[in-house]
Amino acid sequence: MDADVILEMKDIKKSFGELDVLNGISLSVRRGEVLAVIGPSGGGKSTLLRCATLLETIDSGAIRYLGETAADTGVEGSAVYAPIEKLRKIRSYFGLVFQNFNLFPHYSVLKNVTDAPVVVQKCSKREAEEKGRALLKKMGLEDKETYYPSQLSGGQQQRVSIVRALAMEPQILFFDEPTSALDPELTGEVLKVIRQLADEHMTMVIVTHEMAFARAVADTVVFMDGGVIVEQGPPEQVLGAPREERTRQFLARYSEKEA
Amino acid sequence: MSFLTILEQLTPGMWRSMLIFFLTLLFSLPLGLAVAFGRMSKCTPWRWLIKAYISIMRGTPLMLQLMVVYYGPFYIFGVSISSGYKFYAVIIAFVVNYAAYFAEIYRGGIESIAVGQYEAAEVLGYTKNQTFFRIILPQVIKRILPSITNEIITLIKDTSLSFVITYMEMFTTARQIAASQSSVLPFVGAAVFYYVFNLIVAVLMEKAEKRAAYFE
């Protein structure tokens, strides 16, 4: 297998009761690649992300990080997950930025970004704080470390949550509609820091509704609808000259809304 | 008998009332958390058992529970009881009763925490224990403080129910002095004690709530 593949998902199937949410999804993400996942609501984007980050279990298929298997279809045809210790290790490979931040409200900004490195990774407090402060500075939050999440704007909270994920030094970072809970005037500051990360070749998977952003930042755009990947490729192709009718319809509806 | 003498005679009872109060909190607050976990357990028989326990504790008078705990061993099992058991009976009855109330308060608090907090902690690699004690519980405590204050204030007054098994706390003492002296003054003394004790507790809890208000 290609050593540079960070995440590999193979033939992922997932249903909630009667509803097939993921219907055989395969994709891989290489080191330094930025993948944007677009598509209509209910198309399975968020579920795919939740399955990749092990928050949701898949019914069948395989998930591998850096060649290590988190889940694979067993002999009975349903997915079998790795033992808890191995999953714990695999979790350290990725970070996730939530749509509604999910910062810890009782921790200050600095504690939010240093607690997991200290408690989970057993970093020294000093080391974690140095690293945390450097990252906060990079995100333009150096004067906010003593604040509590409720004292920050949505855009600031989302940047803190990006720092919290980065502080764990993940190999790959997932974003679940990172600007959807923000007022329009605040999306820019969050998109800017994600773009900055892309420039530094951070491996990222971004579920987004921001087409212009996807076009600017992604190496690969994946269009999902009805639990399958309808089309994927470079942004110029998927967003500029889509081959599939469904992609064209989606993009047409989208540009109507934006206009 | 002067009011001062009466107060002096009430003092040992006052200490006993305060002892009941503190010991009940000391044991029932952690026990309540354990009961809350049982109440939310995935194991159905266990959950129903805990549900029944809470239902009985909340559905019958504490006074009756005190009598059952104290007289039960003799009348039900024929075990002879020593006078020293009286104190233990009071503590057992109060702890078991208040744990049930606290359990429901904890449960309400725990269930009010957004699932996103658990998910964020899980992705960051916290263990289940770390997630609960570092992330969830501090938020729960802040949310349930007003309800806990309510229970604590009720507890101070409930300690007087110990009179039913003549444990010599404040109220039982006051009753005996009142009967022997044909005076209501002991009750006035008792009322002042309960009121002042409650006032102090209310002020302290308000301070605690203010301290917990540093986050939203």
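This is a predicted model: local features need pLDDT of at least 70, side-chain atom pairs count only at pLDDT 80 or more; totals for chains, interfaces and linings use all residues.
1. Let's start with the overall layout of chain A.

2. Domain 1 of chain A brings 10 residues into contact with nine residues of domain 2 of chain A. Which helix provides the largest share of the domain 1 side? That is helix 6 (residues 184-199) of chain A, with four residues. Sorted by class, the domain 1 side of this contact holds seven nonpolar residues, one polar residue and two charged residues.

3. Strand 1 (residues 5-16) and strand 2 (residues 19-30) of chain A run antiparallel and are joined by nine bridges. As an example to trace, A:Glu8 has A:Ser28 in strand 2 of chain A as its bridge partner. The hairpin of these strands has two residues between them, and A:Gly17 there takes a positive phi near 65 degrees.

4. Helix 3 (residues 109-119) and helix 4 (residues 125-138) of chain A pack with their axes 9 Å apart, at an angle of about 130 degrees. Because of that angle, helix 3 of chain A counts as oblique to helix 4 of chain A. Is their crossing left-handed or right-handed? The crossing of helix 3 and helix 4 of chain A is right-handed.

5. You can pick out the residues behind this packing, too. From helix 3 of chain A come A:Val109, A:Leu110, A:Val113, A:Thr114, A:Pro117 and A:Val118. They meet A:Lys125, A:Ala128, A:Glu129, A:Gly132, A:Leu135 and A:Leu136 in helix 4 of chain A. By class, the residues of this helix contact divide into eight nonpolar, two polar and two charged.

6. Finally, bring chain B into view. In the model, 17 residues of chain B are in contact with 19 residues of chain A. On the chain B side, helix 5 (115-124) and helix 6 (128-158) each supply at least two residues. Helix 5 of chain B gives the most, with seven residues. The side of chain B that touches chain A is made up of eight nonpolar, five polar and four charged residues.

How values were computed. Residues are numbered from 1 along each chain as its sequence is written. Chains are lettered from A and ligands numbered from 1 in the order in which they are written. Axes are lines fitted to C-alpha atoms, for helices over the stretch in contact, and angles run from 0 to 180 degrees between N-to-C directions. Angles under 35 degrees count as roughly parallel, over 145 as roughly antiparallel, 65 to 115 as roughly perpendicular and the rest as oblique. A crossing is left-handed if the near helix is turned anticlockwise from the far one by less than a right angle, and right-handed if clockwise. Two residues are in contact if their C-beta atoms, placed from the backbone, lie within 7 Å. Ala, Val, Leu, Ile, Met, Phe, Trp, Tyr, Cys and Pro count as nonpolar, Asp, Glu, Lys and Arg as charged, and the others, Gly among them, as polar. Two strands pair if DSSP finds at least two bridges between them.
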